Amino acid sequence: MTTTSLVSTDAIRDRFSQAMSAMYQAEVPQYETLLALVDEVNRETLARDAGLAERLEAHDELNRLGVERHGAIRVGSAAELAMLRRLFAVMGMYPVGYYDLAEAGVPVHSTAFRPVDDAALARNPFRVFTSLLRLELIENEALRERAAAILAQRDIFTPGARELIELCEHQGGLTEEQAERFVAEALETFRWHRDATVDLDTYEALHAEHRLIADVVCFRGPHINHLTPRTLDIDEVQRRMPAAGMNPKAVIEGPPRRDCPILLRQTSFKALEESIRFASDRQGTHTARFGEIEQRGVALTAEGRALYDRLLAASRERTAGLANEDHQRVLAEAFADFPDDEAVLRRRSLAFFEYRLTEAGRASGPVDTPDPEALIERGLVVARPITYEDFLPVSAAGIFQSNLGDGGGEAYAGNANREAFEAALGASVTDELSLYAERERTSLAAVREALAG
Ligand code: OOG
Ligand code: NI
């Protein structure tokens with residue numbers, strides 16, 4: 001192979017996420033409004049909280065604050081999902097996590113394509129939550145077959161994208177010029193199409209079965225259905241959305257506001273009704289695209305996650321039907337049993353931390369203990385919460401459902417089927433917990449080794 005230099009996967013992902021953002025802002029003007037609101041609230045939050053501003057600056061996060069954190073698409077077949085896996089690999093994005101949403105009445109299962117190592121996450125953490133329609137859950141056999149037949153006829157990738165993916169796989173990367181073409185070609189897969197591939201009657205039949213089925217089956221491609229910037233104050237953005245002309249979903253998903261944020265909090269403006277031209281020239285509408293915001297906290301261990309799931313489940317009856325302010329208040333009460341102190345989260349192994357030497361630690365000679373808490377007490381080591389980089393099935397279902405109208409919530413009989421998902425994907429999904437555990441373990445081992453003398 002020649003020594004023509006190849007662009008890093010991180011750089012390609014960064015450019016792609018920027019191109020996607022520009023496209024989505026042009027396609028959905030209300031998303032631009034959301035970005036402006038998020039920016040305004042972020043600025044105010046930073047002005048009010050100098051400590052936060054300093055921490056973000058120190059971790060080199062300030063200049064990337066405005067960069068989108070994730071987006072989402074839904075595809076219809078194994079072939080589409082498997083090709084997407086190869087497309088995302090060009091950008092250093094790999095399938096992490098398995099999410100079953102059938103239980104929550106959404107006939108899909110999902111993964112997140114995302115960067116995996118620390119450096120890549122720090123450079124640009126852009127992820128795409130990717131759902132595969134589970135046609136097998138459609139009971140009406142004729143409709144199921146019709147949907148499969150329609151899907152079999154489309155190719156959601158451009159020939160150029162296919163070529164460049166193959167080239168990348170053979171070459172081990174893309175050159176500058178190829179990367180630029182790749183971004184443009186890949187973007188086509190995510191573009192909105194005002195023309196449906198089916199007639200209005202077919203759309204309506206699929207829509208009546210489940211709105212999501214119509215969304216996946218009736219168009220030329222899996223249009224990006226939302227993008228999600230990072231907010232520093234999700235409660236405030238939620239409050240201000242109506243005045244800025246947006247219709248927020250009823251409640252913020254995830255844990256309540258806390259001193260030590262955990263996992264992921266999310267909310268969105270609801271999907272807009274957009275006009276569509278159906279085959280044989282009839283007009284109609286389709287509701288699919290929205291804008292979301294997220295605020296992330298520390299990743300939880302299996303124990304921490306079990307506690308989170310338990311408290312969330314226990315709060316469900318009490319929060320049902322409440323408007324956001326009350327919902328959040330009751331949720332906060334329900335989470336009183338979840339320690340809200342970094343040291344306690346660490347000592348009780350509820351959350352993951354990354355250990356580093358302090359200056360004193362670097363200057364120190366050998367130490368007589370490997371116990372991280374003792375090392376922290378002596379000022380030789382600091383522990384920093386590891387940010388949760390993944391998604392939450394209950395929250396994801398809440399986001400889906402806020403856009404499905406009434407009656408979208410009945411569970412499907414089919415169970416989670418990770419094997420089937422992985423078979424469709426053509427690869428296994430990485431277990432997210434193992435990634436955090438590994439990062440914690442490596443950091444602790446390095447610190448111990450340095451202090452062991
Ligand atoms: C995906 C909804 C889930 C999230 O952030 O949890 C999601 C979709 O609507 O396709 O994006
Ligand atoms: Ni999302």
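I began with the lining of the largest pocket, which by class has 16 nonpolar, 6 polar and 24 charged residues. I note that the model is a predicted one.

**Entry on the largest pocket.** I looked up the volume and found about 1,500 Å³ of space in the largest pocket.

I next sorted the lining by secondary structure. At least two residues each come from the helices α2 (29-48), α3 (50-58), α5 (118-123) and α14 (342-347), and likewise from the strands β10 (282-296), β11 (353-357) and β12 (381-385). With 4 residues, α3 gives the most to this lining.

**Entry on ligand 1.** I checked where ligand 1 sits and found it in the largest cavity. There are 13 residues around ligand 1, and those that come nearest are His 70, Arg 74, Asn 225, His 226 and Gln 266.

I listed the side-chain contacts to oxygen atoms of the ligand. For His 70, a polar side-chain atom lies 3.0 Å from an oxygen atom of ligand 1. For Asn 225, a side-chain N or O atom is 3.0 Å from an oxygen atom of ligand 1, and for His 226 the corresponding distance is 2.9 Å. I then computed the burial: ligand 1 taken alone exposes 320 Å², and the protein buries 100% of that.

Finally, I recorded the make-up of the shell around ligand 1. By class, this shell has 7 nonpolar, 4 polar and 2 charged residues. The elements β2 (70-75), β10 and α17 (393-402) each supply at least two residues of the shell.

Technical notes: Residues are numbered from 1 along each chain as its sequence is written. Chains are lettered from A and ligands numbered from 1 in the order in which they are written. This is a predicted model: local features need pLDDT of at least 70, side-chain atom pairs count only at pLDDT 80 or more; totals for chains, interfaces and linings use all residues. Side-chain values use heavy atoms; hydrogens and water are left out. On a 1 Å grid over the protein atoms alone, a cavity is a set of points where a 1.4 Å probe fits but cannot get out, and a pocket is an open set with protein on both sides within 12 Å along at least five of seven lines; lining residues have an atom within 4 Å of a point. Grid points are joined across faces, edges and corners, and a volume is the space filled by probe spheres set on the points. Ala, Val, Leu, Ile, Met, Phe, Trp, Tyr, Cys and Pro count as nonpolar, Asp, Glu, Lys and Arg as charged, and the others, Gly among them, as polar. A residue is near a molecule or strand if one of its heavy atoms lies within 4 Å of it. A polar contact is a pair of N or O atoms within 3.5 Å; within protein, one must be able to donate a hydrogen and the other to accept it, and residues adjacent in sequence count only if both atoms are side-chain atoms. Accessible areas come from the Shrake-Rupley method with a 1.4 Å probe; for residues, only the protein chains shown count as cover. A molecule sits in a cavity or pocket if more than half of its atoms lie within 2 Å of its grid points.
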